[in-house]
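Here is a short briefing to read alongside the model. Have the viewer open and follow along from helix to loop to side chain.

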Amino acid sequence: MKENTIPLTQNATSGSPPDRPPDGLADRIARRALARRADQYADEVRALLDAARAVMRRCGTSARPRVADIVAAAGLSNEAFYRHFRSKDALVAAIMEDGTERLCGYIAHQMAKEPTPEGQVRRWVEGVLSQARDADTAATTLAVMWNAQSVGEGFLAGPPSATGLLADLLSAPYARLGSTAPDLDASLAAHATVGRLADHLWRRTPPTDGDVDHLTRFCLRTVTPQGAHE
């Protein structure tokens, strides 16, 4: 009588293979391999974004960096660059998106520290203008904005723009302040504040505490009072 055995390999001469368990060894190994590759690709993208910012900062507003310059600064290859970005313009757009997400996250965190809507508006103004206070940050922001003009991804570009995302942060405090059109009021305030930021960046003049005070008062006056649209 033959012993009952469980084969560890499939018989090549047998018919259709049996259904493989969805959580089998092959699946687990494949997922680990994909996870390692995903981590590697994420590291490559981050290296390219950071390198591009550094190269743009170095070039300023007088020259646009080449892909070769960015790749060299990142310590990667052209193959790695085009694996993630179809062009330099696509990279610039990604830098704008990355910078906007970081800035909005920072401002939202600062606003959460304030219990009053007035305090939140001030924190918002401080956060936006912070891009022009530190010399290195200001120079990098200006260089990125200058490069973004060629791809329509600047601060004043259409949606999804940095201005629009920043305005979203103001909608809730404006509603608490009694605005009957909080989204519109926030959009108007955001465009004015970002425009003022651009002025500081281009003039290389850091905003003062007085500038923050004045702009905060302006943003608070922007709120449409109840009944104004009736």
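The buried residues of α8 are covered by elements that include α5, α6, α7 and α9, where contact means heavy atoms within 4.5 Å. Helices here are DSSP runs of H or I with at least four residues, numbered from the N terminus. This is a predicted model, in which local features need pLDDT of at least 70 and side-chain atom pairs count only at pLDDT 80 or more, while totals for chains, interfaces and linings use all residues. Residues are numbered from 1 along each chain as its sequence is written, and side-chain values use heavy atoms, with hydrogens and water left out.

**Helix α8**
- Among the buried residues of α8 are Asp-185, Ala-189, Thr-193, Leu-197, His-200 and Leu-201; buried means under 20% relative accessible area, exposed over 50%, and partly exposed in between, using a 1.4 Å probe and protein chains only.
- The end C-alpha atoms of α8 are 31 Å apart, which agrees with the 32 Å that its 22 residues should span at 1.5 Å a residue; the expected span is 1.5 Å times one less than the number of residues.

**The loop after α8**
- Arg-204 sits in the loop between α8 (182-203) and α9 (209-221).
- Just after α8, Arg-204 adopts a positive phi of about 60 degrees.
- For context, most residues other than glycine have a negative phi.
- Arg-204 counts as exposed because its relative accessibility is 56%.

**Helix α9**
- With 13 residues, α9 reaches 18 Å from its first C-alpha to its last, close to the 18 Å expected.
- Val-212, Leu-215, Thr-216 and Cys-219 are buried in α9.
- These four lie on the same side of α9 because they cover an arc of only 105 degrees around the axis, taken from the directions from the helix axis to the C-beta atoms.
- An α-helix has 3.6 residues a turn, so residues three or four places apart point the same way.
- The buried residues of α9 pack against α5 (117-129), α7 (162-176) and α8.

**Thr-141 in α6**
- Thr-141 belongs to helix α6 (residues 135-148) and is buried, with a relative accessible area of 10%.
- A polar atom of the Thr-141 side chain lies 2.8 Å from the backbone oxygen of Thr-137.

**Cysteines**
- The disulfide count is zero, with a disulfide taken as a pair of cysteine sulfur atoms within 2.5 Å.
- Cys-59 counts as partly exposed at 21% relative accessibility, whereas Cys-104 is buried at 12%.

Notes: Helices (H or I, at least four residues) and strands (E, at least two) are DSSP runs, numbered from the N terminus. A polar contact is a pair of N or O atoms within 3.5 Å; within protein, one must be able to donate a hydrogen and the other to accept it, and residues adjacent in sequence count only if both atoms are side-chain atoms.
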